[in-house]
Amino acid sequence: MIPNDSLDTHSAQVDHERPDKPEEACGVFGVYAPGEDVAKLTYFGLYALQHRGQESAGIATFDGDKVHLHKEMGLVSQVFNENILNELTGNLAVGHTRYSTTGSSRRVNAQPAVVSTRLGSLALAHNGNLVNTGELRAELTRRECDFLTTTDSEMIALAIASEVNSGKDWLEGALSAFTQCQGAYSLVIGTPKGMMGVRDPNGIRPLVIGILPTSPQRYVLASETCGLDIIGAEYLRDVEPGELVWITEEGMSSFHWSQKPARKLCVFEMIYFARPDSVMCGESLYSYRLEIGRILARESFIDADIVIGVPDSGIPAAIGFSQESGIPFAEGLIKNRYVGRTFIQPTQSMRESGIRMKLNPLKDVLEGKRVIIVDDSIVRGTTSRKIVKALRDAGAKEVHMRISSPPVTHPCFYGIDTDSQDQLIAATKSVEEIRQQIEVDTLAYLSWEGMLIATREDTNTFCSACFTGNYPIDIPEKVKRSKLILEKSVTV
Ligand code: SF4
């Protein structure tokens, strides 16, 4: 859900203030439950999905033809209060929580995107990123659509509105609009008639269906199963790649519009983005992350005194590494959970030791020890270097880093905010060069095969393009040029 204007710039300078991790772009949620407090259910659903986006949050409810919308910059708990939620009445609700790159951080880009049609309004919440925004925008401009924002999400909403305004009903209009959209999109769409859940033909971003056990025909849609758990909804199934589910007072029906649906679920969801208590591919991501830790230990064992993880996302893989290697797991870094993402340290010395604002090493655990530290990924390497220095300052005798994913060599175009390719440390440096730069005694990454075998699914059903450069959905050259600037095939 990245605004298309953000695709046009890049910088070879490493921005040390940016988080040194790929950033998830959005969480989506929807509930169809006449007679229930749909706004509050959505509030809690978004609360569980907060890790997928912390920049803005919004809820739209449908009360017959009337739409109530509230969206603002900030965390879910900051954007809504009891009074606001009480105003959001209706039978169904659509919610969204958003992350975006700096520069596009504007209220107008917050979601759900609401547009008017001849059949009433529609409210759309999007997770993902279209790759054909140039083409789609030109077509919508030709059809004289009015744009309020620069987001691809609004373009999808306008594409549906345009089809509906040409005489189609909600369902026909939406199915026709999706044939014009290329890229990654998991959508929850509210209309006066009912709610839709949609996944692109490759199912790059997750979307699950749940049911509220209180009464029949009460459905929930959420980016992850943790969004169902929090409101007591039971997991029914995933929305399939290329599927639209249409939930109305008559129940739920399913439609497929793509000739060639082929799942390419983002494997980074499994490694890092999604919450460890969410279930994907039939198991919790905690279990998957334990397993990649075990495989990592088999692939790159080294003798040491303790195994620690970088909190929070590196912990399950560190435990798996410890189980497989027999080296005791310990907590060597304590996370301060209350540091804001945009915290700017006031003095130079604080900036230099900046990592301690977020992670504080435990001296008595680390002193004199040979330490294996497990992290889920290295993007630019700036944070890894600071962590290693903090461990050595706390007395670690040796520091061995193990990464529970392969080297990130390519940017993502499907809704994850990774840097442009020149800022990805593994795109320009060998493992040995990275080892030297982050000043560890040894460094090893999980193999690509190990990462996929651990899913216990057909390895062809995942996108792993940021590790290989094999993008499952074609990307127009202009969009490629914005980020893929080291590739020889891209003519700049
Ligand atoms: S390129 Fe990487 S982050 Fe993007 S969808 Fe594919 S696996 Fe996920």
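D375 belongs to strand 21, which runs over residues 370-375, in what is a predicted model. The residue is buried, because 22 other C-beta atoms lie within 10 Å and the threshold for that class is 20 or more. Once neighbours within four places in sequence are set aside, the contacts of D375 are V310, G314, S384, M401 and I403.

D376 is placed in the loop between strand 21 and helix 14 (382-393). This residue also counts as buried, with 26 C-beta neighbours inside 10 Å. Residues up to four places away in sequence not being counted, D376 touches I271, Y272, S313, G314, A317, S404 and S405.

Both aspartates carry a database annotation. In an unreviewed UniProt entry, the annotation "binding site" covers S313, D375 and D376. These positions span 64 residues in sequence, yet no two of their C-alpha atoms are more than 7.3 Å apart, so they gather at one spot.

The model also contains a ligand. Its surroundings consist of I204, C266, V267, F268, C412, Y414, I416, C463, S464, A465 and C466. Two or more residues of this shell come from each of helix 8 (267-273) and helix 18 (465-468). In terms of class, the shell comprises 10 nonpolar residues and 1 polar residue, with no charged residues.

These details sit within the following overall architecture. The protein has 19 helices and 25 strands, and buried residues make up 54% of its 492 residues. Of the contacts with a separation of 6 or more, 71% are between residues 24 or more positions apart.

Methods
Residues are numbered from 1 along each chain as its sequence is written. This is a predicted model: local features need pLDDT of at least 70, side-chain atom pairs count only at pLDDT 80 or more; totals for chains, interfaces and linings use all residues. Helices (H or I, at least four residues) and strands (E, at least two) are DSSP runs, numbered from the N terminus. A residue is buried if 20 or more other C-beta atoms lie within 10 Å of its own, exposed if 12 or fewer, and partly exposed in between; C-beta atoms are placed from the backbone. Two residues are in contact if their C-beta atoms, placed from the backbone, lie within 7 Å. A residue is near a molecule or strand if its C-beta atom, placed from the backbone, lies within 6 Å of it. Ala, Val, Leu, Ile, Met, Phe, Trp, Tyr, Cys and Pro count as nonpolar, Asp, Glu, Lys and Arg as charged, and the others, Gly among them, as polar. UniProt positions are given in the numbering used here, feature names are shortened, and annotations may be inferred rather than shown by experiment.
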